Amino acid sequence: MTLVLGIESSCDESAAAIIRSDRTILSHRLASQIEAHQPFGGVVPEIAARAHIETLPDMVSAVLQDSGLALDDLDAIAATAGPGLIGGVMVGLVMAKSLAMASDKPLIAVNHLEGHALSPRLDDADLAFPYLLLLVSGGHCQILRVNGPGQYQRMATTIDDALGEAFDKSAKLLGLGYPGGPALEKLAQSGNAAAVPLPRPLLGSKEPHFSFAGLKSAVLRAVESGRYEKADIAASFQVAATDCLIDRLGFALRQIGSDSGIQTLVIAGGVAANQHIRGQLTQFADDNSLAFSAPPMWLCTDNAAMIGWAGVELLSAGHKGDPMNFKARPRWPLDDTAPAARGAGVKA
Ligand code: KG4
Ligand code: ZN
């Protein structure tokens, strides 16, 4: 059995965890920086990087202590090496490099998106490759065929905003604070989803991708019109966005056909914490004779357990470690063979 320390620092969460290859989470800590960024209505990269510097050293000591392990007991040190806010990524990666050098253990430079993509397998031992993954976070909205660690085939991406970004921006328009996604979901619970006519961009399109910029603009117009209750706008937004997800997943399924070997639909990333989306996807999977797998809520949003687990998966797939001069990558697509989608602001 292998033991991996995972470190996460790509956005506004500092986290460390120790994961064993039998899926045991020996220890796990997470410090959210919500209060530091709240006055600014979003994440301030410089504040985030400084907070990671202040938090991570003690946090790593704490997870070692919690699990009763010494650095020497570990098999590898894994850290997010991108994509993300570059200052923060560098803090976690440099820390992992130092620990790896001091203990003479391999460094594993983890793609944060791979952390999300493999996170459902940390919780679900029966989830086998290949699976169809809807990866929805603050920076990404993609459909991927996951064939194994390091093996991703991107089927769809967003041509403008990521879904989490659309949630956050719409929440801001509705006067909700940061972080917007969970706040918008909460407000939507008391709203009427049929009250506000909102567009479903690219619904039925022959192009595989997502688009959310038009939906966000429609939210702006609905707010400015003064004609609707905020809760109704939130509920209508959530349902419109979910309709887009379902439509695009249907398109992806038709493209891969029935003999693809895919038996499970998986959702991961921060937006996967949304209960409405989880419910609709469960139904969609059922309608398409697929099993459905979603990580527990705390594993959907950024954390270090998924980074440690990605390290475990990569080690067991034969990865020997990354060089000490591995550079932090602000952009790092999971499938670097995928052609760029049309439009400006394409997310990797
Ligand atoms: O994966 P994540 O924690 O960080 C990134 O890698 O981006 O995702 C954060 C995103 C944010 O946009 C946040 O608003 C969204 O996930 N999010 C949600 C919910 N919880 C988090 N969006 C909708 N409903 C939620 N319950
Ligand atoms: Zn993330």
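Where is the place of proline 179? Proline 179 sits in the loop between α5 and α6. Keep that loop in mind, and I'll come back to it. One caution before we go on: this is a predicted model.

Let's start with the ligand. Ligand 1 sits in the largest pocket. There are 17 residues around ligand 1. The ones that come nearest are His116, Gly138, Asp168, Glu185 and Asp302.

What is the shell made of, by class? Four residues around ligand 1 are nonpolar, 10 are polar and three are charged.

Now the helices. Three of them each supply at least two residues of that shell: α4, residues 112–123, α5, residues 163–173, and α6, residues 180–188. So much for the helices; next, the domains. Domain 1 covers 3–117 and 299–347, and domain 2 covers 130–294. Both give residues to the shell, so ligand 1 lies between the two domains.

On to the polar contacts. Take histidine 112: an N or O atom in its side chain is 3.1 Å from an oxygen atom of ligand 1. Next is glutamate 185, where a polar side-chain atom lies 2.7 Å from a nitrogen atom of the ligand. Then aspartate 302. Here the backbone does the work of contact: one of its N or O atoms lies 3.0 Å from an oxygen atom of ligand 1. And how much of ligand 1 does the protein cover? On its own, the ligand has 550 Å² of accessible area, and the protein covers 88% of that.

Last topic: the backbone. Most peptide bonds are trans, and most residues other than glycine have a negative phi. Here are some exceptions.

Back to proline 179. A cis peptide bond joins tyrosine 178 to proline 179, with omega about -5°. Glycine 82 and proline 83 are also joined by a cis peptide bond, with omega about -15°. Proline 83 lies in the loop between β4, residues 76–82, and α3, residues 86–103.

Finally, arginine 23. This residue is not a glycine, yet its phi is positive, about 75°. You'll find arginine 23 in the loop between β2, residues 13–20, and β3, residues 25–32.

Note on methods: Residues numbered from 1 in each chain as written. Chains lettered and ligands numbered in written order. Predicted model: local features only at pLDDT ≥ 70, side-chain atom pairs only at ≥ 80, totals over all residues. Heavy atoms only, no water. Near = heavy atom within 4 Å. Polar contact = N/O pair within 3.5 Å; in protein donor to acceptor, adjacent residues only side chain to side chain. Areas by Shrake-Rupley, 256 points an atom, 1.4 Å probe, with all protein chains shown as cover. 1 Å grid on protein atoms, 1.4 Å probe; cavity = no way out; pocket = protein on both sides within 12 Å on 5 of 7 lines; lining within 4 Å. Sits in = over half its atoms within 2 Å of the grid points. Helix = DSSP H or I, 4+ residues; strand = E, 2+ residues; numbered from the N terminus. Nonpolar A, V, L, I, M, F, W, Y, C, P; charged D, E, K, R; others polar. Domains from an automatic or database assignment.
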